[in-house]
Amino acid sequence: MNDSHSGPTNLATDSANVAVQAEAIHGPVNVYQVAATPSPQETFKVGLNSLRGGMAWEARQHIRDAVVLRNYVNGRSCFYLLLALLSGRTLQQVPPKEIAMLRCVRGAVKDDDEWADAIKLVDHLLKSRPTEGGAAGIEQELQKLTDEQRNDVLQHMEMFLDSSAEDALWARAFDAARSDRCAKDRLGRAWKFFQPEPIGARVRPADPVLIGLGTWTGATAATALALVTVGLIGATAWQHNGTAAVSALLTLAAGCYASVRSGVEWRCRKERRQAKDREYLRRSATTPGDGFASKIDRQFNHYFALYTPRDADRARWLSETAGVRRALRDEVVTIYRESTVNAKRVAWLTRYLVADVARRWQAGELWDYRKELRVPLLVKAMCVLAAIAAAAAGAFLVWSGAHVRPFVVSLAALVAVALVWFAARVWLRIAAEYRRHSADKAEKKSLLAGRQAAFDRWKRKLADRPDDLEMARWLECDRKALMEQAMSLYRLKRQDVLAHAFIEAPATPSYDRARVEKGPWRYSKYKILLFLLTKDGVRQLTVHLDFQKATFRSRARTNYRYDAFTSVQVAETDNGENVFELTLTNGDPIKVKVTDPPTDVTENEDKDPQGASQVTLGTAGLGNALHVLEGVAAEGKEWIAFERQREKVPLAEVSKAVNAIFA
């Protein structure tokens, strides 16, 4: 993302590949985190957020804790406990001990409770699943629910929407997905989720005044001795011509003061210009590496190429600004080089600095400091003329004094010249150093104000960053949209799909990723595999999802028979990646990297990188996909019939427990 500057140009062209561009861990945001001493209501809320965020396992733990262990029992909590038990899995996958949890809330809900209809609908969906004609009233029951209840049923009971009313139910689910897919300004806000929390504006502090005690002592002593010798010469000259001597002394003092004052201005301007020239015109090479400095270096190289001014020759732009790029890069590295700072958190500053350089370069203002620090002719003339006047006044005093005491005055004149020369040089250095420090502080203050304004703008831009629940809802809508596309593509009705499964993985090689603390990784680009089990075989649809734009691309279709399955597995590689692998009798294995290995960012900023990987695996759809595909690999097409038979026992247990919920 960039600020509003004219003429950005992207460097990544042709066949160029970019690695992970941004990685952020947002927290604490309290979406999936329980307080140190949580109330049952707080624990339930975290469980509900986890359920809507796609983390069914975590949702079951928290909701069970609130409802079963801490007696937070009401219609709403019972409904979501039931959804959490069933979400993302079949009845065969529900352990008996979890079904037994429902018995702990026996008689908790009355028929007139506002959540009673929702609980009864779940039971109706379960009972109607293995029979035909048993779901005639489901559509009417669905109409009675609130939007919140209806959306949650359609999302978490997806595995059970295959009754005789399935087409109508899925049509409703598809309509809701189309309505919500780009809701809440997804296209304008989704990218913000992948931006790390920016670190505050900083500037390199002004260098301190470098004047030691010895310099002050030398300047003071030389000045005192110079005043004594000049006073001796002046007193002797006064004996020769009092009025002229007084005038000469005043002229000498005024000339020295004016000469030193203008000399300070001259020297300060000259040294500041030389310092900036050395800083902005040097072109030292970058030391390669993988640390913070190297990442900042890549940022500057990227944005200097990206922000090439409009109608400018890129080679000339990069060449003329090489020194400025190096100076700014070194400053950012110096002021932010900390073990806890992720380089991407200062990308906003890099963009601001580069955009500012581009603006000034295009306006011809990049080297304006040379004009601003050029020593005016008036300052030079005043310095020279004041020095000449002081020298003439001094010579007159020596000439006058020599008439009275020639030897003493001559010796004193030699000493005075040396002392005045030494004292003037030292005081000039001291004054110039303080002037330099004052100018540096003013410059740093101005720079900090500009950077703080840029930081505030960036923070305001990220203020409406979507939360993880919104990201999860958008992704769920994308799944429904893909399911609708697949059924249309294969010309299937919902009853033609005997079972289905999704697998979501990051779309390599270029993607951004981010997550909230305790939440799963969300990706800017996904590779989604959809498996549709039909009576004629398996239909696999593979697409790449641009999450930020809500668009599918690179669609690939694969069809195979049930007896073509050989094995299905998820393996963790040596570098920590989790890879899904489906082996068929013919052709190469289908491999998909589901999670990334831990990176330097997660190691430095994430308290539990392994936990993040496991949570991400849980939301990627692997559990249900493995259950379905492993079953088909082991039993072939008959798995579907066998699965229906195996579900009869848990179905009866769940239905009995659900009925017992009502008083």
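This is a predicted model: local features need pLDDT of at least 70, side-chain atom pairs count only at pLDDT 80 or more; totals for chains, interfaces and linings use all residues.
## Overall make-up

The chain holds 24 helices and ten strands. It has 663 residues, and 51% of them count as buried. The exposed surface comes to about 31300 Å². Carbon and sulfur atoms supply 55% of that area.

Sequence separation of contacts is the next point. Take the contacts between residues at least 6 apart in sequence: 75% of these join residues at least 24 apart.

## The four-strand sheet

Four strands form an open sheet in the order β2-β5-β6-β7. The pairing is antiparallel. β2 (499-506) and β7 lie at the edges. Each has a single partner strand, so one side of each lacks a neighbour in the sheet. From one strand to the next, the twist averages 15°.

Strand β6 covers residues 537-546. How many of its ten residues are buried? The count is ten of ten, so β6 is largely enclosed by the rest of the structure.

## Two hairpins around β6

β5 spans residues 525-534 and runs antiparallel to β6. Ten bridges join the two strands. They form a hairpin, with two residues between them.

β7 spans residues 551-560. It pairs with β6 in the antiparallel sense over eight bridges. This is also a hairpin, here with four residues between the strands. In the turn, A550 has a positive phi of about 55°.

L530 stands opposite L541. In β7, R557 stands opposite L541. Another pairing with β7 involves V538, whose bridge partner is Y560. When reading along such strands, recall that side chains in a regular strand alternate between the two faces of the sheet.

## Aromatic pairs

The model has 22 aromatic pairs. One of them joins F79 and Y80. Their ring centres are 4.9 Å apart and their planes stand at 70°. The cut-off for edge-to-face is over 60 degrees, so this pair is edge-to-face. Both F79 and Y80 are buried.

Y303 and Y307 give another pair. Which geometry do the rings of Y303 and Y307 adopt? Their centres are 5.9 Å apart and their planes stand at 55°, so the pair is tilted. Y303 and Y307 are both buried.

Ring pairs also build a cluster. It links F44, Y72, F79, Y80 and W115. The edge-to-face pair of F79 and Y80 thus has both its residues in this cluster.

## Charges over rings

Two arginines are placed over aromatic rings. The charged end of R186 sits over the ring of F547, 4.3 Å from the ring centre. R515 lies over the face of W521. Here the distance to the ring centre is 5.6 Å.

A221 lies in helix α10, which covers residues 213-240. Is A221 buried, partly exposed or exposed? Its relative accessibility is 40%, so A221 counts as partly exposed.

A423 is 202 residues away from A221 along the chain.

How values were computed
Residues are numbered from 1 along each chain as its sequence is written. Side-chain values use heavy atoms; hydrogens and water are left out. Rings of Phe, Tyr and Trp (its six-membered ring) pair if their centres lie within 6.5 Å; planes under 30 degrees apart count as stacked, over 60 as edge-to-face and the rest as tilted. Buried means under 20% relative accessible area, exposed over 50%, partly exposed in between (1.4 Å probe, protein chains only). A charge sits over a ring if NZ of Lys or CZ of Arg is within 6 Å of the ring centre and within 35 degrees of the ring normal. Two strands pair if DSSP finds at least two bridges between them. Axes are lines fitted to C-alpha atoms, for helices over the stretch in contact, and angles run from 0 to 180 degrees between N-to-C directions. Contact means heavy atoms within 4.5 Å. Accessible areas come from the Shrake-Rupley method with a 1.4 Å probe; for residues, only the protein chains shown count as cover.
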